[in-house]
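Please look over the sequence and the structure below before reading on.

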Amino acid sequence: MQSSKIKKVKKNLFVGLAINLFLVLAKGITGIIGNSFALIADAIESLADIFASILSIFGFSYASRPPDEDHPYGHGKAEPLITFIIVLFIILSAVFIIFKSFKNFYEPQKTP
């Protein structure tokens with residue numbers, strides 16, 4: 001891949017990272033102050049996006065390295081590994097949100 005394309009991809013990943021960081025803070029603080037688990041769950045989802053962006057930046061940087069002695073065919077196989085880690089984190093986030101939702105369902109809650 002050309003270096004200008006790599007720079008554009010990294011720039012877009014960093015912009016997405018900054019936006020999601022703002023969203024996590026805004027949704028998380030508003031959800032805690034407003035006692036809204038829906039906003040807190042949405043903040044957790046945005047946090048998963050931050051984690052995915054960080055891993056994508058790392059994975060993209062590593063996978064775009066040229067071949068060397070240890071990796072004569074390049075480093076492209078890092079991409080599926082990074083994707084697996086991202087999917088695992090999203091699944092764990094979903095399980096946490098589901099568990100917390102069922103717990104909140106059976107307990108009295110304050111009105112948001």
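**Helices and their packing**

Q: Which residues of α1 are buried?
A: This is a predicted model, in which local features need pLDDT of at least 70, side-chain atom pairs count only at pLDDT 80 or more, and totals for chains, interfaces and linings use all residues. Residues are numbered from 1 along each chain as its sequence is written, and side-chain values use heavy atoms, with hydrogens and water left out. Helices are DSSP runs of H or I with at least four residues, and strands are runs of E with at least two, numbered from the N terminus. With buried meaning under 20% relative accessible area, exposed over 50% and partly exposed in between (1.4 Å probe, protein chains only), the buried residues of α1 are Ile6, Leu13, Leu17, Asn20, Val24, Lys27, Gly28 and Gly31.

Q: Against which helix do the buried residues of α1 pack?
A: Contact here means heavy atoms within 4.5 Å. By that criterion, the buried residues of α1 pack against α2.

Q: How far apart are the end C-alpha atoms of α1?
A: The expected span of a helix is 1.5 Å times one less than its number of residues. For the 31 residues of α1 this gives 45 Å, and the model agrees, because its end C-alpha atoms are apart by 45 Å.

Q: Where does asparagine 35 lie, and what is its phi?
A: Asparagine 35 lies in the loop between α1 (3-33) and α2, and it is partly exposed, with a relative accessible area of 33%. Its phi is positive, in a residue other than glycine, and is near 55°.

Q: How are α2 and α3 oriented, roughly parallel or roughly antiparallel?
A: Axes are lines fitted to C-alpha atoms, for helices over the stretch in contact, and angles run from 0 to 180 degrees between N-to-C directions. The axes of α2 (residues 37-63) and α3 (residues 78-105) come within 9 Å and cross at roughly 170°. Angles under 35 degrees count as roughly parallel, over 145 as roughly antiparallel, 65 to 115 as roughly perpendicular and the rest as oblique, and therefore α2 and α3 are roughly antiparallel.

Q: Which residues of α3 are buried, and against which helix do they pack?
A: In α3, the buried residues are Ala78, Ile82, Ile86, Ser93 and Asn104. These buried residues of α3 pack against α2.

Q: What is the C-alpha to C-alpha distance of alanine 38 and isoleucine 97?
A: Alanine 38 has its place in helix α2 and is exposed, with a relative accessible area of 58%. Although alanine 38 and isoleucine 97 are 59 residues apart in sequence, their C-alpha to C-alpha distance in space is 9.5 Å.
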